[in-house]
Amino acid sequence: MKKQVICSTVFPLLCILLLFLSVEAQTCSPSGKIKGKTPPPGQCNQENDSDCCKDGKWYTTDKCSPPVSSQTKATLTLNSFEPDGDGGAPSECDNQYHSDDDPVVALSTGWYNNGKRCLNYINIHGNGRSVRARVVDECDSTMGCDSDHDYQPPCPNNIVDASKAVWKALGVPESDWGGMDIYWSDTD
């Protein structure tokens, strides 16, 4: 009789836990791979500790990103949107460069949503603070390792690639800039 009571109370808890984990872990599946090639000398800008593609290494590509919610979990990375910055070309949304002193971001391909978030603002929450930033670019999760992408690998599917202004507004010490867990949401 004791076994039935334990199983009947533990099993539902286990089911609830598994349901919670499956909802929290909902992600999209990788859509493919691309093979890296060594960039020509001086062609991969490693400002902000950006990675350069490695010859023969396979990189995962994604056409989607995790579902957007009122608290979408993401990784904040550092990017320069200025000419000669590690962002490469002008921003997709307006074909312009942007000052690193402006709170601007690039979103992974799925969240960028074919430009539907272009020039809209998102709220970013991290380090106990919040900042409002403007979406100006796509962090391409479908392609990379070529001149258009500054010979950098494809972006993971959960990235908010942010200017220095965003990192400053979140109060993150400069020595810790580069990668941080955050939550973001669309503004009202």
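**Strands, cores and one buried threonine**

Select Ile122 first: Asp186 in S8 stands opposite Ile122. This is a predicted model, in which local features need pLDDT of at least 70 and side-chain atom pairs count only at pLDDT 80 or more, while totals for chains, interfaces and linings use all residues. Residues are numbered from 1 along each chain as its sequence is written, and side-chain values use heavy atoms, with hydrogens and water left out.

Next, show residues 121-126 (strand S5) and 179-186 (strand S8), which pair in the antiparallel sense over four bridges. Strands (E, at least two residues) and helices (H or I, at least four) are DSSP runs numbered from the N terminus; two strands pair if DSSP finds at least two bridges between them.

Now show side chains for Leu76, Val105, Leu107, Ile124, Val160, Val166 and Trp184. In the largest nonpolar core, of 23 residues, these touch the most other members. Such a core is a set of buried Ala, Val, Leu, Ile, Met, Phe, Trp, Tyr and Cys residues joined through side-chain atoms within 4.5 Å. Elements giving two or more residues to this core include helix H2 (109-112) and helix H3 (164-169). A second, separate core of seven residues includes Val136, Cys139, Cys155 and Ile159.

Finish at Thr61, in strand S2 (residues 58-61). Is Thr61 buried or exposed? Thr61 counts as buried because its relative accessibility is 6%; buried means under 20% relative accessible area, exposed over 50%, and partly exposed in between (1.4 Å probe, protein chains only). Among the residues that Thr61 touches, not counting those up to four places away in sequence, are Pro30, Ile34, Ser141 and Pro154, contact meaning heavy atoms within 4.5 Å.
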